[in-house]
Amino acid sequence: MSDLYREQIIDLYEHPLNYGELDPHDFSYEEDNPLCGDVIRISVRLDDEGRVAGVRWEGEGCAISQASASLLTEEIKGMTLEEVKAFPKETLLDLIGVPLSMARVKCALLSLKVLKAGAYGIPEPEEIRGEDQQ
Amino acid sequence: MFDVEKVRKDFPILHQEVHPGVPLVFLDSAASSQKPRQVIEAMDVYYQEMHANVHRGIHELSERATNAYEGARERIARFINAPDPATIIYVRNATEALNLVATSWGRTNITAGDEILLTEMEHHANLVPWQMLAREKGATIRYLPFTEEGKLDLSQLDSFLTEKTKIFSFTAMSNVFGTITPARKLVEAAHRVGAIAVVDAAQSVPHLPVDVQALDCDFLVFSGHKMCGPTGIGILYGRRELLEEMPPYMGGGDMIRRVTLEGFTPNELPWKFEAGTPAIAGAIGLGAAVDYLSALGMENVHRHEQFITNYALEALSEVNGLRLLGPPAAQKGGVASFVIPGLHPHDIAQLLDEDGVAIRAGHHCAMPLHQKLGISASARASFYVHTTTDEVDKLVASVERAKKIFRL
């Protein structure tokens with residue numbers, strides 16, 4: 001049995017937590033991992049005190065990136081925006097709880113990268129287009 | 001008779017345990033091939049016995065280095081039946097060759113309203129340089145579609161090639177489907193409307209006999225590292241008249257005849273396009289790779305890969321839930337791309353790696369192709385001169401194990 005794919009990871013891959021769209025939201029951000037095509041969007045709604053009142057994610061990709069998004073979104077519920085911005089990557093890696101190669105660390109941290117980009121209000125990258133693409 | 005066991009002895013890297021107790025099964029040659037010791041030794045000899053800058057020194061070592069560098073060019077020219085070594089330009093890789101054509105020929109000849117025809121199954125290297133050119137010049141890019149089977153839809157070719165088409169650039173072999181496209185026919189069709197034909201041969205030159213004069217193409221590009229050669233060296237073949245008219249791509253040493261404070265006179269072919277100290281060891285290594293493949297015989301290489309591909313496609317099609325991409329073995333090179341619903345390609349590759357099986361997972365630098373198929377990624381096993389049926393069996397067993405772990 002593979003170390004990487006412990007039961008919890010596969011369970012979360014099959015039955016993700018907090019999956020779907022969130023409208024309205026206070027911020028929403030999407031990014032992909034160009035290496036493997038993993039893509040994740042996270043949307044967050046804050047309450048009057050500025051704490052995470054609602055969070056949803058959608059996307060597709062490998063079991064590690066998808067399980068990570070479920071674990072992360074579960075963990076940040078009730079956190080302030082400042083806490084979200086400061087969320088340590090070590091905490092997320094601990095939650096995933098399996099040894100990861102460098103390439104897989106990228107998969108595991110994609111959700112956190114997306115969450116922080118959204119929290120900081122970074123604009124999504126724009127496509128450079130030809131004039132009259134058909 | 002092609003003796004795969006004898007060929008395997010030439011590749012030192014294959015004889016290792018990639019994890020403790022787990023022998024390497026390398027099925028990722030389409031991304032980058034391994035190197036036979038003949039290639040490694042040729043570069044070693046160069047560095048140990050003849051390294052000096054080329055085209056510059058009067059001394060003995062520079063003479064030796066120049067002879068080895070230019071000798072490799074002559075053998076590479078013969079390998080693809082180019083009429084003249086001066087039509088063989090050393091570049092870094094197929095990507096740089098395509099950028100050179102798009103920049104030098106494209107910027108000179110493309111104007112607003114012109115059309116550039118590509119296909120939907122191109123590698124990013126044969127998409128982005130043209131998108132950049134079209135954006136700069138206000139030209140239009142059109143894409144010849146592929147069919148469900150992963151073949152170019154030739155029934156639409158005549159409607160996509162018009163008198164506005166100035167360039168038709170296409171792959172000779174898809175890096176995802178493995179489809180061998182009818183390159184000769186496509187070149188002819190381009191010429192009928194007065195367009196130039198650019199052939200991305202990055203996947204075909206390593207695996208099939210290629211003859212640029214029989215193809216009658218205007219440009220053809222490939223990379224050394226996919227054909228037993230080193231990284232950092234690639235080839236642009238161009239029709240002599242076109243190369244003569246084109247402005248230089250990069251400026252610097254070696255690409256000039258004379259420089260004054262007012263300007264410069266470009267060098268003659270092929271050096272006009274080779275600014276700066278080139279990848280000398282790379283060129284010598286690619287020369288040795290061409291010698292190696294020629295000694296095996298490209299017909300034999302192709303026949304061996306057809307045998308392995310056929311074997312692999314049959315075995316993989318027995319795997320429940322696995323969907324193969326692309327046409328049957330007879331119409332493709334040594335590639336088996338597949339998806340398994342419920343099991344992401346990245347996870348497949350990771351689990352296969354635990355069994356020592358190296359495959360590629362992702363979009364293989366062909367995102368538009370995957371978008372059209374409605375998938376974000378695929379898994380790809382690719383084969384070369386050293387691949388055995390035993391290795392294919394290990395691939396299939398490992399895929400079955402991955403499915404079991406994911407409860408499929």
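For sorting residues, Ala, Val, Leu, Ile, Met, Phe, Trp, Tyr, Cys and Pro count as nonpolar, Asp, Glu, Lys and Arg as charged, and the others, Gly among them, as polar. The structure is a predicted model, in which local features need pLDDT of at least 70 and side-chain atom pairs count only at pLDDT 80 or more, while totals for chains, interfaces and linings use all residues. Residues are numbered from 1 along each chain as its sequence is written, chains are lettered from A and ligands numbered from 1 in the order written, and side-chain values use heavy atoms, with hydrogens and water left out.

Start with the open spaces. Rolling a probe the size of a water molecule over the atoms shows where empty space is left. A pocket here is an open set of points on a 1 Å grid over the protein atoms alone, where a 1.4 Å probe fits, with protein on both sides within 12 Å along at least five of seven lines; lining residues have an atom within 4 Å of a point. The volume is the space filled by probe spheres set on the points, which are joined across faces, edges and corners.

The largest pocket comes to about 1400 Å³. Of its 36 lining residues, Glu127(A), Gln131(B), Met367(B), Pro368(B) and Gln371(B) sit closest to the centre. The lining splits into twelve nonpolar, twelve polar and twelve charged residues.

The second largest pocket holds about 460 Å³ and has 20 lining residues, with Ala103(A), Arg104(A), His346(B), Ala349(B) and Gln350(B) nearest its centre.

Now for the inside. A nonpolar core is a set of buried Ala, Val, Leu, Ile, Met, Phe, Trp, Tyr and Cys residues joined through side-chain atoms within 4.5 Å, where buried means under 20% relative accessible area with a 1.4 Å probe, protein chains only. The largest core has 76 residues, and Ile80(B), Phe168(B), Val205(B), Leu220(B) and Met227(B) touch the most other members. Helix H10 (residues 280-296) of chain B gives the most to this core, eleven residues; helices are DSSP runs of H or I, at least four residues, numbered from the N terminus. Apart from this core lies another, of 67 residues, including Tyr13(A) and Phe338(B).

Lys403(B), in helix H14 (residues 389-405) of chain B, counts as buried because its relative accessibility is 6%. Beyond neighbours within four places in sequence, Lys403(B) is in contact (heavy atoms within 4.5 Å) with Val319(B), Asn320(B), Ile340(B), Leu343(B) and Leu408(B).

Technical notes
Helix = DSSP H or I, 4+ residues; strand = E, 2+ residues; numbered from the N terminus. Buried < 20%, exposed > 50% of the residue type's maximum accessible area, 1.4 Å probe, protein only.
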